[in-house]
Every structure is written in structure tokens, then in C-alpha cells.
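User: I'm new to this one and would like to know where the labels come from. Could you walk me through them?

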Amino acid sequence: MSKAKNLWGGRFRGPADEGFAAFNRSFSFDRRLLEVEVRASIAYCAALKSAEVLSDDEARRITAALHEVQNQAETKAKYINDESEDVHSFVEASLVELIGPTGLKLHTGRSRNDQVATDLRLWLRDAIDDLDGLVAAAQEALLAFAAEHSQTVIPGYTHLQRAQPILLAHWCLAYFEMLARDRERLADARKRVNVMPLGSAALAGTSFAIDREALARELGFREVSRNSLDAISDRDFCVEFANACALIMVHLSRLAEDIIIYATTEFGFFELSDAVATGSSLMPQKKNPDSMELVRGKAGRVFGHVTGLLATLKALPLAYNKDMQEDKEAVFDSFDTTTNCLEVTATVLRNITINEARAREAAAHGHMNATELADYLVRKGMPFRQAHETVGQIVVHAIKRGVELQELPIDELRALSDLIETDVFTVLSVDQTLGTKSQTGGTAPLKVSEALAAARKSLVE
Ligand code: ARG
């Protein structure tokens with residue numbers, strides 16, 4: 001039997017235009033809410049029983065049938081291949097199919113408006129927990145990568161020009177920090193997601209004696225919404241969620257970009273595993289980082305969802321408007337895209353190989369110890385500005401000679417500043433350059449190993 005019957009009818013004389021009916025339908029995507037729709041309905045059924053709207057027997061039959069609807073949806077793919085308008089009408093029609101008109105009593109004092117807002121919040125609560133686990137897994141992969149190469153040095157960049165050498169582990173921990181903030185944002189969004197609209201009915205509240213507090217407890221909500229108009233029309237939580245996803249995507253995309261660059265022949269620090277790279281149909285030598293390019297590319301669609309949601313909500317009059325049906329695809333795709341990107345990124349990190357020699361070689365070239373030399377002159381009494389100027393001249397000289405600063409003979413160094421003595425060579429090594437960055441947050445090996453331990457501890461907690 002087709003369950004495509006409308007949820008209204010009394011006031012209508014003619015059928016809906018077929019094109020419009022298809023346009024109006026959301027079941028193709030909101031069927032993802034089926035499990036939470038059933039969960040919320042079972043709790044609501046109990047609330048109706050407590051309010052003496054349903055008899056014990058009716059409540060028992062409705063509850064059993066709701067379980068059956070869920071069961072059939074899980075086991076028979078064809079069952080939900082249906083022409084229903086949305087998930088709410090699907091569940092109601094399925095209920096009536098199973099137990100007859102008693103099924104229609106479940107809608108007492110309830111509206112699809114408070115149902116959909118409740119469902120989406122229940123769904124998002126789980127989605128946020130899943131995402132949090134995936135962000136933690138990506139952090140875990142970063143820590144494992146860092147621990148495996150704890151002594152590896154790479155050039156650090158500003159303006160994509162070699163700046164100062166850093167530990168690879170320090171680079172890993174930078175992304176770890178970004179993801180830690182992303183998890184805080186998810187947790188914060190979850191707080192406001194976890195508020196129950198059910199009992200707000202269509203917009204004005206329900207006239208039945210529904211114990212909303214008990215219902216909220218049953219569904220694991222932190223509290224009940226305080227204003228029915230707001231509860232029906234609030235989709236801030238969707239924007240907050242999409243925004244948390246968007247920032248995760250910003251971070252994954254920056255990581256992807258670093259990896260793509262470091263895996264070029266020109267840089268040559270990283271090599272992606274064959275498992276997450278592709279070849280060229282034409283050029284046999286190619287190994288392309290498609291996995292990371294897709295992560296970088298897919299960031300754009302998540303940003304689009306944030307903007308799309310904001311535009312949909314802007315200037316909507318209170319309370320419910322059908323415009324709001326547009327929220328779900330934005331939320332679902334933000335979740336799906338971010339989930340996939342987190343998983344792929346973790347796989348890339350777990351399998352990446354590193355060319356240690358090449359990285360160290362790069363870290364030792366490009367006059368990245370020039371700042372050390374300036375600091376050396378400062379310690380010998382020269383004002384920093386002047387030291388900066390002097391070392392600039394030394395760098396020009398070294399470039400002309402085609403050598404690094406530590407390769408210049410002492411007399412050539414002294415020709416540019418007689419403050420320089422032979423002890424200068426001890427401050428110019430890569431190890432020394434790293435080792436001096438020993439304040440909290442710096443790349444000194446000791447600090448980085450402390451930071452790694454703290455990161456690992458925070459992950460366990
Ligand atoms: N499918 C609808 C949505 O996603 C459910 C709410 C419909 N409410 C209404 N009054 N037409 O928003």
C-alpha cells in the first residue's frame with residue numbers, strides 16, 4: 001500500500017499538483033531522521049499515556065508498532081522506498097498500516113514543527129559525538145606521526161619562504177592544537193543542541209498535560225526550551241554545527257595543503273602512501289595527492305552550507321516556515337563531508353613516509369640561522385636593529401659566495417663585525433638554533449617532548 005496520503009485533507013478539495021508534491025517532499029533526505037523520529041515518538045507516546053490521552057493498551061500497541069516500523073526500515077530496504085512527504089508522515093502512515101486508526105492518536109498535541117526540531121537535535125547530538133571521536137582519531141594520528149619522528153627537523157616557513165628550523169613534531173602539534181579547539185567548539189555547540197523543543201506543538205505550546213521535564217529526561221535532553229515560538233523556529237544550532245564543521249575543514253585543508261607541498265619533488269619531505277594517492281592515465285611517473293586535494297577542495301562546500309543556512313534563515317518571520325526544510329541537507333552534508341575528510345586525513349597521516357635526510361638538509365640551508373647570529377651580536381652588546389642590519393649584509397655576502405653562514409671563514413665574518421669571534425660557530429648549528437627556543441610553546445626538543453606528553457595526556461582525558 002502506498003503511504004503517500006497527505007497529513008491534511010479536510011480543508012482541501014483538490015489533489016496536489018504532482019510536480020509540486022515532488023518539490024515539497026523531503027523524505028529522500030530526512031529519512032535519515034527515522035531512528036530519532038521513532039525514539040522521540042516512543043517517549044512522546046509514554047508522555048501521552050501519563051497525560052491520560054492514551055490508555056495503557058493504546059500506548060502499548062503504538063510503542064510496539066513504532067519498534068516494528070524501525071525494525072522493518074532496518075531490515076527491508078524496500079520498506080522505506082516510499083512516496084511519503086517526509087519522515088514524519090512516513091512513520092505515521094506506517095503506524096496506521098500496522099495498528100489501524102489508533103496510530104493516528106499519537107499526533108495529539110504534537111506538530112511536525114516540534115517533531116522536526118526535536119528530531120534534528122537528537123540526530124545532531126549523536127552526530128557531534130561521532131565527529132568528536134573522529135577529530136580525536138585525527139589528533140591521535142598526528143601524535144603517532146610526531147612520536148615516530150621525534151628528532152626530525154624541517155624548515156619552518158613564513159610567506160612560504162624558509163624562516164627558521166622546527167621539529168616536525170612541533171608542526172604536528174600545531175595541527176593538534178587546532179583540532180583541540182575544534183573539539184571545544186563541537187562540545188559548546190552540543191550544549192545548545194541539547195535542548196528539547198517537543199511540547200511546543202505547532203508554535204504556541206500544547207494544551208495537553210504533557211510533562212515536558214519528564215519527556216526531556218527520557219530523551220536525554222539537558223533542559224526544555226523556554227519559548228515555544230523560538231523553539232519551533234530556532235535553527236541557530238544548525239548554523240553553529242555547520243560552522244564548527246567549517247573550521248574543522250579549514251584546519252584539514254591547511255594540513256592538506258602543507259602535505260601536498262611537502263610531497264612535491266621540489267620540497268620532497270613527505271611521500272604519500274600508494275593507498276591514498278593516484279596515478280596519471282597519461283604520465284607514468286606521476287603520483288598525485290588526490291586524497292589531500294579532495295580534502296582541500298571539499299572544505300568549500302562546507303563553508304557554502306554555513307552561508308546557505310544563514311541566507312535561508314535571514315528575515316524568516318516567526319515561527320515555522322517551509323524554508324526551514326532546507327536546513328537538513330546542509331546539516332547532513334556538513335556532517336558527511338567533514339566525517340569523510342577526517343577519516344581520509346587520518347589514513348594519510350598513518351601511512352605517510354618521510355625523507356629524513358632531505359628534510360634535515362633543507363633545514364640546514366637557506367640561512368635560517370641568521371636570527372641566531374643577530375641574537376649573538378645582541379649578546380655581545382650590539383643593539384638588535386643594528387645587529388639585524390649587519391647580519392643582513394653577512395647574508396648577502398654568503399649568498400654571493402654560495403655558502404651558508406657557518407661556512408664563511410672567520411675573517412670574512414669579522415670584516416663585517418669585529419664583535420664576532422670563533423665561538424660564533426657554536427650558535428649557528430641547527431641543534432643550537434632549535435635548542436634556544438625553549439620557552440613554553442617553542443620548538444626546543446625538550447619543550448616539544450613535554451608538549452607531546454601533555455597532548456597525549458589531554459587525549460586520554
Ligand atoms: N519536513 C518538514 C521540515 O523539514 C517538517 C515540518 C513540516 N511542517 C509543516 N508545517 N509543514 O521542515
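Analyst: Happy to. Let's begin with a group of charged residues: Glu85, Asp86, Arg112 and Lys322 are linked in a network of salt bridges. This is a predicted model, where local features need pLDDT of at least 70 and side-chain atom pairs count only at pLDDT 80 or more, while totals for chains, interfaces and linings use all residues. Residues are numbered from 1 along each chain as its sequence is written, and side-chain values use heavy atoms, with hydrogens and water left out.

User: Why is aspartate 86 called buried?

Analyst: Buried means under 20% relative accessible area, exposed means over 50%, and partly exposed is in between (1.4 Å probe, protein chains only). Aspartate 86 has 4%, so buried is the word for it.

User: How many salt bridges does the structure hold?

Analyst: There are 32 salt bridges. One of them joins aspartate 188 and arginine 192, with 2.7 Å from N to O. Both sit in helix α7 (residues 168–193), and because they are four residues apart, about one helical turn separates them. Aspartate 188 has 30% relative accessibility, so it counts as partly exposed. Arginine 192 is partly exposed too, because its relative accessible area is 36%.

User: What about aspartate 274 and lysine 287, how far apart are their closest N and O atoms?

Analyst: Those atoms are 2.7 Å apart, and the two residues form a salt bridge. Both residues lie in the loop between β5 (270–271) and α11 (290–313), so the pair ties together parts 13 residues apart in sequence. Aspartate 274 is called exposed because its relative accessible area is 63%, whereas lysine 287, with 33%, is partly exposed.

User: Why does glutamate 37 have no salt bridge?

Analyst: Side chains of opposite charge can pair when their charged atoms come close. For glutamate 37, which is buried, the nearest side chain of opposite charge is arginine 110, 4.4 Å away. Here Lys and Arg count as positive and Asp and Glu as negative, with His and the chain ends not counted. Glutamate 37 is found in helix α3 (residues 34–50). Leaving aside neighbours within four places in sequence, its contacts (heavy atoms within 4.5 Å) include Val87, His88 and Arg110.

User: How many disulfides are there, and how far is the sulfur of cysteine 245 from the closest cysteine sulfur?

Analyst: The structure holds zero disulfides. A disulfide is a pair of cysteine sulfur atoms within 2.5 Å. The closest cysteine sulfur to that of cysteine 245 belongs to cysteine 341 and is 10 Å away, so it is too far for a bond. Cysteine 245 is buried, because its relative accessible area is 0%. Cysteine 45 also counts as buried, at 0% relative accessibility.

User: Which residues does cysteine 238 contact?

Analyst: Apart from neighbours within four places in sequence, cysteine 238 is in contact with Leu120, Leu309, Asp327 and Val331. Cysteine 238 is in helix α10 (residues 236–262), and its 0% relative accessibility is why it counts as buried.

User: What makes Leu7, Trp8 and Phe12 a patch?

Analyst: Patches are made of residues with over 30% relative accessible area and no salt bridge; like charges are joined within 9 Å, and nonpolar side chains (Val, Leu, Ile, Met, Phe, Trp, Tyr) within 5 Å. Leu7, Trp8 and Phe12 form a nonpolar patch on the surface, with about 280 Å² of accessible area together. Accessible areas come from the Shrake-Rupley method with a 1.4 Å probe; for residues, only the protein chains shown count as cover. Phenylalanine 12 has a relative accessible area of 47%, so it is partly exposed, and its place is in the segment before α1 (18–24).

Conventions
A salt bridge is a side-chain nitrogen of Lys or Arg within 4 Å of a carboxyl oxygen of Asp or Glu. Helices (H or I, at least four residues) and strands (E, at least two) are DSSP runs, numbered from the N terminus.
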